[in-house]
Amino acid sequence: MKRIGVLVSGRGSNLQALIDAARRGELGGEIAVVVSNVETAAGLERARRAGIPTAFRDHRGKKREAFDAEIVEILHAHRVDLVCLAGFMRLLSPVFVRAFPQRVVNIHPALLPAFPGKDAQRQAWEHGAKVSGPTVHIVDEGLDSGPIVAQEAVSVRSSDTPESLAERILEAEHRLYPRAVRTLLAGRWRIEGRRFLVEDE
């Protein structure tokens, strides 16, 4: 069975969506380890309750590359096939990305390439976008710039606030991320240029 490592910094709601999908046999793999740079991250407790091994490494006072090398060592020790970022609030260095080429995936709360970076939901709302939603993408050495694996549209309502829009996008994230992970683990895909192509689609 394919093995997944998940990196979290906060509450871990997308981690929970992955845990739930794995329990239902819908993820196509098992979560082998959950790692955080925040010792009190609620995501670590979610993992512990699910019986998943956890690890904490403090990034403070370390160069980015040195910290990333520590995380890579943990993931290699758990023999992970795919790394999922689930609210991991750090930019990954080339050291990390090159250790898992095309095997690191992130979920972003906007329809990339629009609104990369922080506060994407507010960016979309302030810009007057009529449609937003989450994007699952492969992580490369840029900011939210890797090939797009999957997206789900979420309408922006006239009555929305940034907070209400973010809440509905998060609900879509919980649906989209497990499906995208299953596609990635199945392995019947390739990348041509920037395009992520799945066989038989």
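**Exercises on a predicted chain**

Buried residues, meaning those under 20% relative accessible area with a 1.4 Å probe and protein chains only, make up 49% of the 201 residues in the chain. This is a predicted model, in which local features need pLDDT of at least 70 and side-chain atom pairs count only at pLDDT 80 or more, while totals for chains, interfaces and linings use all residues. Residues are numbered from 1 along each chain as its sequence is written, and side-chain values use heavy atoms, with hydrogens and water left out.

**Exercise 1.** Compare the radius of gyration of the chain with the value for a compact globule.

*Solution.* Begin with the rule, which takes 2.2 Å times the number of residues to the power 0.38, the radius itself being taken over C-alpha atoms. For 201 residues a compact globule would have a radius near 17 Å, and the chain has 16 Å, which agrees.

**Exercise 2.** Describe the place and surroundings of serine 13.

*Solution.* Second, serine 13 counts as buried because its relative accessibility is 14%. Third, leaving aside neighbours within four places in sequence, serine 13 is in contact (heavy atoms within 4.5 Å) with Arg46, Leu170 and His174. Finally, the side chains of serine 13 and histidine 174 are joined by a polar contact of 3.0 Å, a term for a pair of N or O atoms within 3.5 Å, where within protein one must be able to donate a hydrogen and the other to accept it, and residues adjacent in sequence count only if both atoms are side-chain atoms.

Notes: Buried means under 20% relative accessible area, exposed over 50%, partly exposed in between (1.4 Å probe, protein chains only).
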